[in-house]
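Reader: I'd like to go through the labels on this one. Could you show me the model and tell me what stands behind each of them?

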Amino acid sequence: MEDEEAEEQQGVSYQQRLKAAVHYTAGCLCEEVASEEEMQFSKQTIAAISEVTSRQCENFAKDLEMFARHAKRSTINTDDVKLLARRSNSLLKYSMGKDEEIAQFNVEQKAEKKKKLENGNKDSREPAEAGVVESENSTFRHLEKQSSVGRTSQKCMLSQRGF
């Protein structure tokens, strides 16, 4: 009985922290837009934006869970996200574009590796793990360059998380 109450209390605390993080991030994004567009957002507007965002994320999470369950899976994958994105034309277009970019980047990476192997780099002194780390780093750098999220909003999110 006490364990259930403790779990419930922990869940409530987690939700409050999550909503606070969303509110903080919405505030940071509003500040960024306000400075670029020379306009102001009221506290009520920021609170409304953060509340709508929280509710929309909850709906997305429930839908993604249902899509995975319908497919008899316990893990949400990219197919579920694509299915969810169909509701919004702009989101679908954006996600499909990113999907194509990642696929093209992976094809280019494979071609580079194949070329290196053909050029006699088979006896590399680096361990196999170093190649994997480098590949992951280059993928991250590529996606970071392509990201449309502003640096200010990234800094707000990182500072909120304690980084």
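Reader: Which residues gather in a patch of negative charge on the surface?

Author: Glu-2, Asp-3, Glu-4, Glu-5, Glu-7 and Glu-8 do. Bear in mind that this is a predicted model, where local features need pLDDT of at least 70, side-chain atom pairs count only at pLDDT 80 or more, and totals for chains, interfaces and linings use all residues. Residues are numbered from 1 along each chain as its sequence is written, and side-chain values use heavy atoms, leaving out hydrogens and water.

Reader: Why is Asp-3 called exposed?

Author: Its relative accessible area is 61%. Exposed means over 50%, buried under 20%, and partly exposed in between (1.4 Å probe, protein chains only), so Asp-3 at 61% counts as exposed.

Reader: What makes Glu-51 and Arg-55 a salt bridge?

Author: Their closest N and O atoms are 3.0 Å apart. The term asks for a side-chain nitrogen of Lys or Arg within 4 Å of a carboxyl oxygen of Asp or Glu, so this pair qualifies. Both sit in helix α2 (residues 43-70), four residues apart, or about one helical turn.

Reader: And the salt bridge of Arg-87 and Asp-63: which parts of the chain does the pair link?

Author: Those two side chains meet at 2.5 Å, N to O. The pair links distant parts of the chain, with Arg-87 in the loop between α3 (78-85) and α4 (89-118) and Asp-63 in helix α2.

Reader: Is Asp-63 buried or exposed?

Author: Buried, as its relative accessible area is 18%. Arg-87, on the other hand, is exposed at 58%.

Conventions: Patches are made of residues with over 30% relative accessible area and no salt bridge: like charges are joined within 9 Å, nonpolar side chains (Val, Leu, Ile, Met, Phe, Trp, Tyr) within 5 Å. Accessible areas come from the Shrake-Rupley method with a 1.4 Å probe; for residues, only the protein chains shown count as cover. Lys and Arg count as positive and Asp and Glu as negative; His and the chain ends are not counted. The place of a charge is taken as NZ of Lys, CZ of Arg, CG of Asp or CD of Glu. Helices (H or I, at least four residues) and strands (E, at least two) are DSSP runs, numbered from the N terminus.
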